[in-house]
Amino acid sequence: MDSSKSDQDLWALVVAAEQQVARARADFYRNAGARQDVLVAALQGSTWERGTALAFLQRLPDDVVPLLGQLVDISMSPKFALEARKAIASRNPQVTRPAVRRLVEERLSAADADDWRRLAELLDFLGDREGIRELVARAAANGDPEIREVGEDFSEGSEESS
């Protein structure tokens, strides 16, 4: 480590970098002509691009609703599940919950137990008790014991708020 730089100097560099990122984010938000197209591509891009797009959507969530399908898919990824949930939750839940519930419903038929769990975690993160109850009911009727276990794990929380 460079002993000529104090901790305060190092911290000042971090703060300056964050300020530069905030200015660039605001400039992109205000001036990009095809912002959603760029975000769609970024969400499919490299780890850095995807992470940056998710962070952008968490701070400036205007584009979350048109990207919900992609964000729900990303929420099933172990690496980005939490960041995708945060991006989805950054938008008004009254707007996103019904749409997310429909998207979750569409994905369940092709989902494995891990996907079921991540989709349940998404609904739980959004505070969607009705969506959780629906998922729990479908899981209980599923032939896969691991999927039924997901339903059992989430049934406790859905019963508490009934």
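How do the residues of the lining of the largest pocket divide into nonpolar, polar and charged? The model considered here is predicted, and its lining comprises nine nonpolar residues, one polar residue and four charged residues.

The pocket itself can be described next. Its volume is about 310 Å³. Of the 14 residues that line the largest pocket, V21, R25, T52, A53 and F56 are the closest to its centre. Three helices each supply at least two residues of this lining: helix 1, spanning 7-31, helix 2, spanning 35-43, and helix 3, spanning 47-59. Helix 3 provides the largest share, with six residues.

Rolling a probe the size of a water molecule over the atoms shows where empty space is left. With a threshold of 30 Å³ or more, the count comes to one cavity. The largest cavity has a volume of about 50 Å³.

The lining of the largest cavity is formed by R101, V104, E105, L108, L123, G131, E134, L135 and R138. Two elements give two or more residues to this lining, namely helix 6, covering 93-108, and helix 8, covering 129-140. By class, the residues around the largest cavity are four nonpolar, one polar and four charged. Gly counts as polar under the classification used, and Arg and Glu count as charged; G131, R101, E105, E134 and R138 are among the residues that line the largest cavity.

Notes
Residues are numbered from 1 along each chain as its sequence is written. This is a predicted model: local features need pLDDT of at least 70, side-chain atom pairs count only at pLDDT 80 or more; totals for chains, interfaces and linings use all residues. Side-chain values use heavy atoms; hydrogens and water are left out. On a 1 Å grid over the protein atoms alone, a cavity is a set of points where a 1.4 Å probe fits but cannot get out, and a pocket is an open set with protein on both sides within 12 Å along at least five of seven lines; lining residues have an atom within 4 Å of a point. Grid points are joined across faces, edges and corners, and a volume is the space filled by probe spheres set on the points. Helices (H or I, at least four residues) and strands (E, at least two) are DSSP runs, numbered from the N terminus.
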